[in-house]
Amino acid sequence: PPPRRMYRKEKSIQLKSSSAALYNNLSVLRLPGRQLACFSAVHGPSVNVVSAAADGLGFSHRQLQAKEGGMAVSTSVLTQAAWCVLPSRVLLVLTSQKGIQMYESDGSIMVYWHALDITEHPPAEAVFARGIAAAGGRFICVGTSSGLVLVFDIPPKGTNITVSEVLEEHHDAITDIAAELGQAPDGAGDLVTADDAGTLCVWSAGEEFALLSKIPAFGCTCSSVKLWNGVVAAGYGNGQIRLYEAATGLLRAEVNAHARWIYALDLAPQTGKLLSGAEDSFVHVWKLSRNPDTNDVEIEHCHAECVTDTQVCGARFCDPEGNSFAVTGYDLSEIFRYSQA
Amino acid sequence: MSARTLPLLFLNLGGEMLYILDQRLRAQSIPGEKARKDEWTDVDRKRVMNDIITTMFNKKFMEELFKPQELYSKKALRTVYDRLAHASIMRLNQASMDKLYDLMTMAFKYQVLLCPRPKDILLVTFNHLDAIKDFIRDSPGILNQVDETFRQLIETYSCLSAGEFQLIRQTLLIFFQDMHIRVSIFLKDKVQNSNGRFVLPISGPVPWGTEVPGLIRIFNHNGDEVKRTEFTTDGNYVTPQREGSFDLYGDRVLKLGTNMYSVSRPVETHMSGSSKNLASHAKENIVPNPLAKEELNFLARLLGGMEIKKPGGSETGFRLNLFTTDEEEEHAALTRPEELSYKVINIEAAQEPGRRAELSRILGEMEVAEPRPPSAGKGEDLLALMDGL
């Protein structure tokens, strides 16, 4: 059957500078009731933050810089930027080679800075923070290159942010962290963390985080991960997407999705649509579901989009149903947008 | 980000530099017995190649290179290649050196971008080294040095994971970000678009270890496969036949990093302002002094390890022009867009007098000799030979 065309290309959003080839290099914030969507993409030592009105008229741009952190003389590169939505507030979190910066959601004020402890890392190894997610309605979790996951306790307002816990289960650099986007069945966990080796850990969030299951690596980096209704969706360096039961770690589906390294996954929680973007120039839309009789997890392909001559580095749905999505690519100074035809 | 990027960056750029210089020198050489005293010969060409390769693979220099460290700016790295290119009797004007560096960087950017797996950057490096070994195959002493570096590469990189290689690749891509200089040979081969962006094919062999996209497998709670479906796209991929060799000798399979130049395919660039986003160049122009200090330290360490052979007393340096004529070279120098200029490092920016003095001494050896009067140098008559290139 010929490839299906469910989405059509819309007008791009121009950026002040190009996007870097970094995993999960696009974050989208949709503020319901305000008709405003915000986009952020890391350029390198800075991040572009764009606010677009839903009617397409008017954009405002802001560029935030990686903080040098005291005595350091060399420039620092940002590894990721992501909005974290908590019940009481939204923070924009930036991770870099020096540490973690947290801003008010419009990027206007930095409310917290956490410097990475260089001595914790073996010499000659790269030092950086990477992997950002809000969890448990109260925490923001950030990963590091040594495999640690820092859990920050975020007060409803103000700057009194503290490190509540450090999770030490990974032995390789953290690549991505994702919180449960839907309804977790019992025991299925609130959070999944992924690392360079391809190991996945599923956690329950709280005053003390607890490890619920560990999904072993199979030899490929897991660069992007999502958690929805107790299903872990993981994207790998060999172009595969795998679906696992979060509670048990059982493999439920294996998709030969891309011809090259996957850089981004996203999930639309209202419909179970899954978005994947990779170095092969393709962005795919899939549909996840649960067979009510067998309880098997199913995945079907919905749409293929070839972003010509582009290595995709970020891909996000712009709404909870997955009616539209946005894409960034290495060396590109624009955000491509697509919406359902 | 990755502290292991510099050796790969340096060796691959160096390899491209040698391809270009070799092609230009070949295009201009005269058979030995027919050449006048002031004309290029095959012997001269081999000598230039030997001198540069010897300097590149100097043991002390390699030691500094392989130390874990962050990448420095393009202009700091450019200073190292300036010195390298002048490691022999050959001389290059600023415009030719700029063009050389443009070609080197765009070529390696292309190779990094198109590597099927991040680990394949190592195969690209081996392709360059294999070619370098061929350039000096008649000189066992230098051959040993290159093999030593080869072994050090294998030792340093063979055990890295795919994730670590991807970090190296991402570090390199940040280094090359926003560079869109159009290269004639790339445009002709249709691997680069007229806007300076590279063509990314969606057909051909998938990387080693990746499956051709299309298959979806579903498993039940017992782990049994219960369903298979297929999806299709515009892509047209096939399974690769074999993996390239990561040994000292072997078939690399990958063509990236092999010599794409030949006498019949000359090198040209278009200085194009087509790159809309010059933000990365703008950022380098506002680099504050403290950053320059760390870069100077890096240069002093690296260049201190280079042992440049000075030309003998009676010999004069002679010029290689990367353009077709002197006029073209002059014109290129005058019209190079501001945003594409590689600003030379300002030594005076160094705060430490001791470090500044040391670097001045080292860089002093690099001083390019002023062009000699026509009777003395090979440079002038060289120009007459460049017609028709």
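**Entry: interface area.** I took buried area as the accessible area, with a 1.4 Å probe, that two parts lose on being put together, summed over both. The model is predicted, and I read every value below with that in mind. By this definition, the area buried between chain A and chain B is about 4,800 Å². I noted that carbon and sulfur atoms give 53% of that area. On the side of chain A, N256(A), D309(A) and Y330(A) lose the most area to chain B, and together they account for 13% of what that side buries.

**Entry: contact residues.** I then looked up the residues in contact: 62 come from chain A and 60 from chain B. I found 27 residue pairs in polar contact across the interface of chain A and chain B, with both residues at pLDDT 80 or more. Strand 22 (251-256), strand 25 and strand 26 (297-306) of chain A are the elements that give two or more residues to the side of chain A that touches chain B. Strand 26 of chain A gives the most, with seven residues. I sorted the residues of that side of chain A into 30 nonpolar, 18 polar and 14 charged.

Entry: Which strand of chain B does strand 22 of chain A join? I found strand 4 (residues 215-219) of chain B, running antiparallel to strand 22 of chain A over three bridges. In this pairing E254(A) stands opposite R217(B). The two residues also form a salt bridge, with the closest N and O atoms 3.5 Å apart. I counted five salt bridges across the interface of chain A and chain B.

**Entry: salt bridges within chain A.** Over all chains the search returned 34 salt bridges. I recorded E245(A) with R290(A), at 2.8 Å from N to O. E245(A) lies in strand 21 (residues 240-245) of chain A and R290(A) in strand 25 (residues 282-290) of chain A, so the pair ties together parts that are 45 residues apart in sequence. E245(A) is buried at 13% relative accessible area, whereas R290(A) is partly exposed at 29%.

I next recorded D266(A) with R316(A), whose closest N and O atoms are 3.9 Å apart. This pair links strand 23 (residues 262-268) of chain A to strand 27 (residues 312-317) of chain A, 50 residues apart. Are its two residues buried or exposed? D266(A) is buried at 7%, and R316(A) is buried at 16%. I also noted a network of salt bridges with shared partners that joins R242(A), E254(A), R217(B), E225(B) and R228(B).

**Entry: strand 13 of chain A.** I turned to residues 149-153, where five of the five residues of strand 13 of chain A are buried. In a regular strand the side chains alternate between the two faces of the sheet. Here V149(A), V151(A) and D153(A) point one way, and L150(A) and F152(A) point the other way.

I found strand 12 (residues 139-144) of chain A paired with strand 13 of chain A in the antiparallel sense over five bridges; C141(A) has V151(A) as its bridge partner. The two strands form a hairpin with four residues between them, and G147(A) in the turn has a positive phi of about 100 degrees. Strand 14 (residues 162-167) of chain A also runs antiparallel to strand 13 of chain A, joined by five bridges, and L167(A) stands opposite V149(A).

Methods. Residues numbered from 1 in each chain as written. Chains lettered and ligands numbered in written order. Predicted model: local features only at pLDDT ≥ 70, side-chain atom pairs only at ≥ 80, totals over all residues. Heavy atoms only, no water. Buried < 20%, exposed > 50% of the residue type's maximum accessible area, 1.4 Å probe, protein only. Pairing = 2+ DSSP bridges. Salt bridge = Lys/Arg side-chain N within 4 Å of Asp/Glu carboxyl O. Contact = heavy atoms within 4.5 Å. Polar contact = N/O pair within 3.5 Å; in protein donor to acceptor, adjacent residues only side chain to side chain. Nonpolar A, V, L, I, M, F, W, Y, C, P; charged D, E, K, R; others polar.
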